[in-house]
Structure formats: structure tokens, C-alpha cells
Amino acid sequence: MNIELTTQQKHDREAFRAFVQEEIMPRADQYDREERTPPEIIEKVARQGYLGAIVPGEYGGGGMNMITFGLLNEEIGRGCSSIRSLLTVHSMVEHAIVRWGSTRQKTAWLPRLATGEIIAAFGLSEPHVGSDASSIETSARPEDDAYIISGQKRWTTYGQIADLFLIFAQCDGKVSAFLVERDTPGLSVEPISGMIGTRASMLAALHLHDCRVRKENLLGGRGFGLAAVATSALDIGRYTVAWGAVGIAQACLEASLQYSSERKQFGGYLKDHQLIRQMITRMIVNVKAARLLCYQAGDLKDSGDPRTIMETWIAKYFASTTAAQAASDAVQIHGAYGCSEAYPVQRYWRDAKVMEIIEGSTQIQEITIAGYGYQ
């Protein structure tokens with residue numbers, strides 16, 4: 001595996017970082033407090049082409065390779081995990097349509113998704129169903145030229161503003177995937193607030209009551225929802241979360257280096273104390289290791305190697321636990337200030353906790369990765 005970035009990738013990374021520094025980081029704490037992402041920043045992200053990063057050029061997207069897409073998610077995640085979450089769910093739906101959509105579905109949806117004209121959200125989790133996706137309770141039954149969908153979805157990231165939902169439902173005893181438009185009669189959206197982290201990601205509960213969805217909005221064929229559509233989309237989501245967790249850890253490292261170089265205690269700077277240096281060392285090493293695991297997963301994706309599935313699990317597991325440890329250490333280094341809104345490390349700590357839960361909890365990943373080891 002060649003982990004040396006190309007000249008173009010280095011250029012792109014610098015452009016991503018500059019955008020985040022100028023447009024996202026100065027306002028990220030405000031977004032967190034207000035629990036919303038203003039439309040103007042979404043428009044700016046869209047104008048940069050980031051919402052269509054992985055959409056093929058023939059449909060108006062950037063056709064970005066997976067390494068570059070990972071770098072984008074790291075930099076956005078370094079600035080604001082909520083906005084990175086927008087990239088995640090939007091790209092998951094795009095990827096599902098690219099991979100499993102009909103020509104008509106691709107033509108109808110991908111150009112509008114790529115430009116950010118419409119926002120997409122992923123509707124899999126339910127009030128009583130999380131990790132065990134095969135047990136979803138939302139149902140779909142065929143009727144004439146449509147499917148009638150009823151059920152509830154919860155924790156739908158950016159569900160408050162999404163125009164298009166990828167909804168998973170039981171149909172004839174098998175999970176199927178449907179593209180459901182926001183204005184579908186019978187669909188209502190309930191905002192969710194008060195979350196511990198990624199507070200600006202505008203979560204929502206979806207209530208579907210006899211929603212009539214055209215049969216042509218079935219994605220990937222009846223019964224393909226879980227093993228095909230959801231699995232491939234979740235792999236992309238897991239990959240972006242892994243890179244986003246690297247971004248959080250990198251932000252914690254940068255904040256800790258700066259604060260420990262400015263803050264004095266016992267007649268010297270914090271950076272001169274050995275236990276502070278121990279925490280800084282752990283951050284540096286683990287951030288680099290997590291990034292390398294993400295590089296490997298991305299390189300395998302770009303080469304079409306099926307090993308990328310498990311390597312993405314491993315990268316996400318290590319990167320999310322690294323972010324949680326780095327954020328805990330960053331808060332500790334900042335002391336009481338780390339527990340206040342005066343510094344963003346408290347936001348990093350809360351967001352890092354979320355990374356250990358979404359797209360496969362730490363415990364589910366430990367079961368999965370250990371199983372891989374025993375094969």
C-alpha cells in the first residue's frame with residue numbers, strides 16, 4: 001500500500017483545511033449551542049462540491065476517490081462533527097443510488113443531490129431497533145402501482161431538513177429500501193433535541209402512516225434492502241465516521257498543544273510537566289495510527305479490494321476510541337476551562353462519545369472484529 005499522498009491530494013487537503021478554518025471552525029460552537037446548522041453554511045458546503053464528492057461526474061458530482069473523500073471528512077470533522085454528519089448521511093444515500101439505483105433513479109436524484117439542491121437522510125434506526133437492523137418494524141405492502149409504508153424511524157440525522165429519505169421496511173418478510181420524498185402524504189417529521197453530541201445535526205423522528213410510495217422508488221429490488229443496499233451504504237458511512245473521528249482527535253491534539261504552551265502552573269508551562277507530555281504523546285501516536293488505518297481502508301476501496309469492509313470496521317473502531325481518549329485528555333489538560341464553553345474541547349468530548357455509538361457501536365465492533373480474527 002502506498003500511503004504517500006499525490007500532489008493533487010495534498011492540494012485538496014489544504015483547500016479543505018482552509019475552508020474549514022475560515023467557514024466552519026469560527027461558528028461551530030454556535031451551531032452546537034443552537035442545535036442547528038444554518039442553511040447558509042450548507043449552501044457554502046454545497047458550492048464547494050462537497051455534497052456531491054462521490055457522485056460520478058456524469059451526474060454532476062466530483063467523482064472523488066476514497067482517499068481524498070476521507071481527507072475531506074477528516075477536515076470537516078476537525079471543524080464540526082455535525083456538518084461532517086451531513087456529508088456522511090448525504091453520501092450514504094448517494095452511494096446507495098449509484099450502486100443500486102435504476103437509470104431513472106440515478107438521473108432523477110443524483111444531479112440534485114450532487115449540487116445540494118436537495119438533502120438526503122438515512123432512515124434505518126427505529127425506537128425499538130438499533131444495532132439489530134434485521135428486526136426493523138416498519139412495514140411496506142404492495143398495492144397496485146405503489147407500496148404502502150407505515151412505521152417509525154428515529155435518530156435520523158438531518159431529518160429535520162432532508163428532502164429525500166432512504167427508508168428501510170419489511171416487505172413480505174424481507175427488508176427492502178425505498179426512496180421517500182418529504183412531501184409524501186402521511187410522512188411527518190418530529191425534531192429531536194437535547195443530545196449529548198453532534199447537536200447541530202438536526203436529528204428527527206419520522207412517522208410514516210400509510211405513505212403511498214411509487215413502485216419505481218423501490219431501490220435495489222424487493223428483499224435487497226439489508227444485505228445489499230444498507231450494507232454498502234453503512235460501509236461508506238462507517239468510513240466517513242472513522243475519518244471524522246480522526247478529525248476530532250486531531251482537533252484535540254492541536255487544542256492541547258496550544259493550551260499547554262500558554263497556560264502556566266507551578267512556575268512553568270503545562271507542556272513542561274511530564275504527565276502532560278505523556279498525554280500529548282499518546283494523542284500524537286494514536287492520531288497517526290488511526291489515520292494510517294483509514295488510509296488503508298480507503299486504498300482498498302479505491303482498488304476494489306473486498307478486504308476494505310473489515311479494514312473499515314477496524315479503522316472506525318480504533319479511530320472512534322482514539323477520539324474518545326484524546327477528547328478526555330484534552331478536557332483534562334484544559335482543567336475547569338475544558339468543562340466550560342470557553343474552549344471547544346468540551347464539544348469534542350461530547351462529539352467523540354457519539355462516534356463510539358454510531359455506524360456500529362464499540363461493542364458490536366468488538367464482536368465483529370474478534371469474529372474475523374477467529375476465521
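## Glu23 and Lys44

In this predicted model, Glu23 is buried, with a relative accessibility of 16%. Its salt-bridge partner is Lys44, and the closest N and O atoms of the two residues lie 2.9 Å apart. Lys44, by contrast, is partly exposed, its relative accessible area being 27%.

The structure contains 24 salt bridges. One of them joins Lys301 to Asp235, with 3.0 Å between the closest N and O atoms. This pair also links distant parts of the chain, since Lys301 lies in helix 8 (residues 274-303) and Asp235 in helix 7 (residues 225-262), 66 residues apart. Lys301 is buried at 14% relative accessibility, and Asp235 is buried at 7%.

Lys353 pairs with Glu356, the closest N and O atoms being 2.8 Å apart. Here Lys353 is partly exposed, with a relative accessible area of 38%, whereas Glu356 counts as buried at 14%. Elsewhere, a network of salt bridges links Arg141, Glu143, Asp144, Asp145 and Arg212.

## Cysteines

The count of disulfides is 0. For Cys211, the nearest cysteine sulfur belongs to Cys171 and is 15 Å away, whereas a disulfide requires the two sulfur atoms to be within 2.5 Å. Cys211 is buried, with a relative accessible area of 0%.

Cys294 likewise takes part in no disulfide; the nearest cysteine sulfur, that of Cys252, is 15 Å away. Cys294 is also buried, at 0% relative accessibility.

Definitions and conventions
Residues numbered from 1 in each chain as written. Predicted model: local features only at pLDDT ≥ 70, side-chain atom pairs only at ≥ 80, totals over all residues. Heavy atoms only, no water. Buried < 20%, exposed > 50% of the residue type's maximum accessible area, 1.4 Å probe, protein only. Salt bridge = Lys/Arg side-chain N within 4 Å of Asp/Glu carboxyl O. Helix = DSSP H or I, 4+ residues; strand = E, 2+ residues; numbered from the N terminus.
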